[in-house]
Amino acid sequence: MKTPAISVGKPARSRALLTPAIVAGVGVGAIALLHFRDPHVQNSYGICPFHYLTGLWCPGCGGMRAVNDLTNGDLLGSLSSNVIALPLLAVLVGAWVLWVRRRLRGDSGRMIVLHKPATIAVIVFLIVFTVFRNTPWGHWLAPA
């Protein structure tokens with residue numbers, strides 16, 4: 001369902017870009033935090049409850065280390081920490097850019113809207129990834 005367009009005068013444009021600006025600020029702040037407070041230090045951000053309870057790697061395990069490695073220019077280290085973190089970050093940045101463009105054109109919709117088939121595909125992918133990274137065949141996908 002499309003959201004009705006809004007007028008794009010100067011005050012309306014400022015209001016339309018407020019939410020994307022807040023999202024960008026939170027994202028940049030989180031990346032800066034992960035750069036300066038190293039998640040490679042054990043328990044620096046607490047523990048993953050899934051890993052703690054099951055001993056298995058969840059799809060997000062290693063994601064913070066991957067972002068830290070990326071901010072330090074270590075692309076291979078980032079991929080070895082969590083291979084899906086870098087593509088996910090790229091998709092989020094791309095979605096944000098498209099969101100800003102839509103906002104400038106007057107569309108007040110959300111940043112990402114996943115319809116049922118896409119949601120199911122993402123969930124299935126994450127389940128398969130989680131199972132595979134916890135098997136002997138996918139041990140190379142476990143966080144380094």
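Trainee: How far is the sulfur of Cys-58 from the closest cysteine sulfur, and in which residue does that sulfur lie?
Mentor: This is a predicted model, in which local features need pLDDT of at least 70, side-chain atom pairs count only at pLDDT 80 or more, and totals for chains, interfaces and linings use all residues. Residues are numbered from 1 along each chain as its sequence is written, and side-chain values use heavy atoms, with hydrogens and water left out. A disulfide is a pair of cysteine sulfur atoms within 2.5 Å. The sulfur of Cys-58 is too far for a bond, because its closest cysteine sulfur is at 3.5 Å, in Cys-61.

Trainee: To how many disulfides does the count come by this rule?
Mentor: Cys-61 is in no disulfide, its nearest cysteine sulfur being that of Cys-58, 3.5 Å away. By the rule, the count comes to zero.

Trainee: Is Cys-61 buried or exposed?
Mentor: Buried means under 20% relative accessible area, exposed over 50%, and partly exposed in between (1.4 Å probe, protein chains only). The relative accessibility of Cys-61 is 7%, so Cys-61 counts as buried.

Trainee: Which residues does Ser-44 contact, leaving aside its neighbours within four places in sequence?
Mentor: Ser-44 lies in the loop between helix H1 (10–36) and helix H2 (49–54); helices (H or I, at least four residues) are DSSP runs, numbered from the N terminus. Ser-44 is buried, with a relative accessible area of 13%. Contact means heavy atoms within 4.5 Å. With those neighbours left aside, the residues in contact with Ser-44 are Arg-37, Asp-38 and Pro-39.

Trainee: Which helix gives the most to the lining of the largest pocket?
Mentor: A pocket is an open set of points on a 1 Å grid over the protein atoms alone where a 1.4 Å probe fits, with protein on both sides within 12 Å along at least five of seven lines; lining residues have an atom within 4 Å of a point. The largest pocket is lined by 27 residues. H1, H3, helix H5 (85–104) and helix H6 (116–133) each supply at least two residues of this lining. With eight residues, the helix that gives the most is H5.

Trainee: Which helix supplies the largest share of the lining of the second largest pocket?
Mentor: That pocket is lined by 20 residues, with Asn-43, Gly-46, Ile-47, Cys-48 and Arg-65 nearest its centre. H2 and H3 each supply at least two residues of the lining. The largest share, three residues, comes from H3.
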